[in-house]
Amino acid sequence: RGFVELDRVSKIYGNKDVKIVAVDEISFSIDKGEFVVIVGPSGAGKTTVLNILGGMDQASGGSVWVDGEDIAKYNSRQLTQYRREDIGFVFQFYNLVPNLTALENVELALQICKDPLDARQVLREVGLRERMKNFPAQLSGGEQQRVSIARALAKNPKLLLCDEPTGALDYQTGKAILKLLQDMCRERGMTVIVITHNSALTPMADKVIRIKNGTVSSMELNEKPIPVE
Ligand code: ADP
Ligand code: ADP
């Protein structure tokens with residue numbers, strides 16, 4: 001079994017009159033340390049898949065294996081612990097706490113986590129040595145996204161899940177963020193999953209999973225993923 005493996009996972013919203021099949025028996029597998037891009041049009045089910053993987057949403061059916069455990073069988077207490085300890089999240093709009101500094105934002109996330117890394121060290125690693133004492137409003141979009149990546153990485157998670165991480169950034173800044181994610185994958189052996197509607201990101205991935213209508217439409221392996229420069 002893969003480090004991450006979805007086996008015929010579905011997510012159905014609605015009631016007996018209106019049914020929305022957001023994810024339709026999707027199956028795929030991801031190796032430990034892989035840099036994966038999930039791409040597809042708006043409404044394809046990408047965010048739903050990522051939320052199920054991150055324990056933020058419960059599948060309606062199927063199995064969700066992560067590091068040997070089927071999290072689809074977890075109860076809500078187990079899911080909360082899984083979200084806190086095993087998963088790092090990066091969002092399009094950073095979700096930083098505005099009245100806390102960069103350092104405090106990272107430290108806050110570490111309070112509920114089992115085996116955290118050093119917050120200052122991780123902030124230095126993402127290029128924010130000189131910005132730790134700044135508040136989010138004093139930082140550029142790219143710097144705010146670096147704080148949010150540091151916050152996720154400092155938890156030392158099993159999986160780093162990124163939902164449109166470059167979606168609010170200009171092209172150059174977005175590329176720098178993507179490079180940071182790719183470096184973290186290579187240097188830490190972290191498993192990184194990025195969802196996007198922007199197919200320009202696909203050449204950098206080890207694996208590209210294309211989603212359409214809630215299921216995999218095609219999958220590619222890049223023998224030589226392009227290093228982001
Ligand atoms: P993507 O991330 O690819 O844009 P989503 O996973 O957000 O797609 O959505 C997939 C489908 O599920 C869409 O048709 C969306 O409208 C629907 N959907 C997502 N969340 C909900 C919800 N909470 N209630 C009802 N429908 C939803
Ligand atoms: P709680 O149950 O204490 O409200 P959650 O279980 O929702 O916390 O979240 C646990 C972890 O998941 C947090 O430490 C954080 O890293 C991540 N997380 C979940 N949702 C968000 C969010 N909206 N913004 C930032 N991090 C989040």
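## Largest pocket

The largest pocket comes in at a volume of about 300 Å³. Here a pocket is an open set of points on a 1 Å grid over the protein atoms alone, where a 1.4 Å probe fits and protein lies on both sides within 12 Å along at least five of seven lines; lining residues have an atom within 4 Å of a point. Volume is the space filled by probe spheres set on the points, which are joined across faces, edges and corners.

Of its 14 lining residues, Phe89, Ala109, Ile112, Arg151 and Lys155 sit closest to the centre of the largest pocket. H3 gives the most to this lining, three residues. Helices here are DSSP runs (H or I, at least four residues), and strands are E runs of at least two, numbered from the N terminus.

## About the model

This is a predicted model, with local features needing pLDDT of at least 70 and side-chain atom pairs pLDDT 80 or more, while totals for chains, interfaces and linings use all residues. Residues count from 1 along each chain as written, chains are lettered from A and ligands numbered from 1 in written order, and side-chain values use heavy atoms, leaving out hydrogens and water.

## The sheet

Four strands make an open sheet, ordered S2-S1-S4-S5 with antiparallel pairing (a pair needs at least two DSSP bridges). Strands S2 (19-30) and S5 (69-70) are at the edges with a single partner each, so one side of each has no neighbour in the sheet.

S1 (residues 4-14) and S4 (residues 61-66) are joined by five bridges, and Val4 stands opposite Val66 in S4.
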